[in-house]
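Visitor: I'd like a close look at one part of this structure, please. Could you take me through it slowly, as if I were new to this?

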Amino acid sequence: MNGTDQSAEAPGRGAARPNIVWILSDQHRAEAIGANSDGVVQTPNLDALMAEATSFDSSYCQGPLCVPARASLLTQRYVSDHGVEDNTWRNGTPALPTTVQQIRNAGYHTAALGKMHLYKYPPDVADGEPIMHEHGFVEVDEVLGKYGNAFGRSPYTDH
């Protein structure tokens with residue numbers, strides 16, 4: 001893994017562009033990754049990825065709830081700017097552009113995989129796919145989190 005996809009050429013240029021993989025995880029300390037721990041935690045695949053990638057040593061959450069914090073990540077704005085103040089965000093993307101839209105508009109293929117929680121989940125997570133497209137994701141394979149599984153359907157609950 002060298003960090004670039006040789007087939008992903010920038011429009012109008014012959015140069016390869018770097019792949020962008022944005023991994024977000026909920027509620028764990030940096031030490032939950034082996035490369036950041038005292039050796040007790042073993043995460044060889046994440047450690048290998050970190051060795052060739054950009055990793056942030058600290059981050060600050062813009063909102064204390066899931067969806068407002070994720071809306072801040074998408075829009076690069078404070079909660080007071082994007083207006084998503086609770087986990088019942090139903091309108092899709094605010095009037096502000098998202099980072100994912102910008103990456104997609106630059107010619108990248110964007111995909112959302114796993115638990116995203118960027119809106120209030122409907123009874124079937126597949127019903128939220130149009131909202132994910134609004135956010136800028138071309139491909140969506142979303143599942144519910146551990147609490148959402150009690151209230152809705154997703155490929156994980158079907159399994």
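How many disulfides does a search of the whole structure find? And what is going on in and around helix α2?

Guide: Happy to, and keep in mind that this is a predicted model. On your opening question, searching the whole structure turns up 0 disulfides. Look at C61 to see why: its sulfur sits 8.9 Å from the closest cysteine sulfur, the one in C66, and that is too far for a bond. For a disulfide, the two sulfurs would have to be within 2.5 Å. C61 is exposed, at a relative accessible area of 58%, while C66 is partly exposed, at 24%.

That brings us to your helix, since α2 covers residues 66–75. Of its 10 residues, 8 are buried, so the helix is largely enclosed by the rest of the structure. The buried ones are V67, P68, A69, R70, A71, S72, L74 and T75. What do they pack against? Their partners are three other helices: α3 (79–82), α4 (99–105) and α5 (129–135). For the chain as a whole, 30% of the 159 residues count as buried.

Now zoom in on T75, which belongs to α2. T75 counts as buried because its relative accessibility is 5%, and the cut-off for buried is under 20%. A polar atom of the T75 side chain also lies 3.3 Å from the backbone nitrogen of R77. Between those two comes Q76, the residue that follows α2, and its phi is positive, near 60 degrees.

Let's step back and place the helix in the chain. There are 6 helices and 4 strands, and reading along the sequence gives the pattern β-β-α-α-α-α-β-α-β-α. Take the contacts between residues at least 6 apart in sequence: 45% of them join residues at least 24 apart. The chain's accessible surface is about 10700 Å², and carbon and sulfur atoms account for 53% of that.

One last stop, on aromatic rings. The count of aromatic pairs is 0. Still, the ring of Y108 has R17 lying over its face, 3.8 Å from the ring centre.

Technical notes
Residues are numbered from 1 along each chain as its sequence is written. This is a predicted model: local features need pLDDT of at least 70, side-chain atom pairs count only at pLDDT 80 or more; totals for chains, interfaces and linings use all residues. Side-chain values use heavy atoms; hydrogens and water are left out. Buried means under 20% relative accessible area, exposed over 50%, partly exposed in between (1.4 Å probe, protein chains only). Contact means heavy atoms within 4.5 Å. Rings of Phe, Tyr and Trp (its six-membered ring) pair if their centres lie within 6.5 Å; planes under 30 degrees apart count as stacked, over 60 as edge-to-face and the rest as tilted. A charge sits over a ring if NZ of Lys or CZ of Arg is within 6 Å of the ring centre and within 35 degrees of the ring normal. A polar contact is a pair of N or O atoms within 3.5 Å; within protein, one must be able to donate a hydrogen and the other to accept it, and residues adjacent in sequence count only if both atoms are side-chain atoms. Accessible areas come from the Shrake-Rupley method with a 1.4 Å probe; for residues, only the protein chains shown count as cover.
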